[in-house]
Amino acid sequence: MGFGSYDESEQQEVDADFDDDEAVQSEQNHHHGSIEFENGASSDELLDRLQEIKDDPE
């Protein structure tokens, strides 16, 4: 078939053969903390910089 066309006959049946015990558990890498970031700029400075970015023609 051509580019962008869809033909179900081209689809393959995928047989996923894996052991659930070896799979990654979704809670295994769960983060139980918080993060804070201090950039040293005031809100007014950040808003001024945002306006400069918006006004830039590029």
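**Exercise 1. What percentage of the 58 residues of the protein chain count as buried?**

Welcome! Keep in mind that this is a predicted model.

- Step 1: Recall the cut-off: buried means under 20% relative accessible area.
- Step 2: Apply it to the protein chain, where 0% of the 58 residues count as buried.

**Exercise 2. How many helices and strands does the protein chain have?**

- Step 1: Count the elements: there is 1 helix, with 0 strands.
- Step 2: Place the helix: α1 covers 43-55.

**Exercise 3. Find the partner of E52 in a salt bridge.**

- Step 1: Start with the idea that side chains of opposite charge can pair when their charged atoms come close.
- Step 2: Check the distance. The closest N and O atoms of E52 and R49 are 3.2 Å apart, and the cut-off is 4 Å, so R49 is the partner.
- Step 3: See how they are placed. E52 and R49 lie 3 residues apart in helix α1, so about one helical turn separates them.
- Step 4: E52 is partly exposed at 49% relative accessible area, and R49 is partly exposed at 47%.
- Step 5: Count the salt bridges: the total is 1.

**Exercise 4. Which residues form a negative surface patch?**

- Step 1: Name the members: D19, D20, D21 and E22.
- Step 2: Locate one of them: D19 sits in the segment before α1.
- Step 3: D19 has 38% and is partly exposed.

Conventions. Residues numbered from 1 in each chain as written. Predicted model: local features only at pLDDT ≥ 70, side-chain atom pairs only at ≥ 80, totals over all residues. Heavy atoms only, no water. Patch = residues over 30% accessible without salt bridge, like charges linked within 9 Å, V, L, I, M, F, W, Y side chains within 5 Å. Areas by Shrake-Rupley, 256 points an atom, 1.4 Å probe, with all protein chains shown as cover. Salt bridge = Lys/Arg side-chain N within 4 Å of Asp/Glu carboxyl O. Lys, Arg positive; Asp, Glu negative; His and termini not counted. Charge placed at Lys NZ, Arg CZ, Asp CG, Glu CD. Helix = DSSP H or I, 4+ residues; strand = E, 2+ residues; numbered from the N terminus. Buried < 20%, exposed > 50% of the residue type's maximum accessible area, 1.4 Å probe, protein only.
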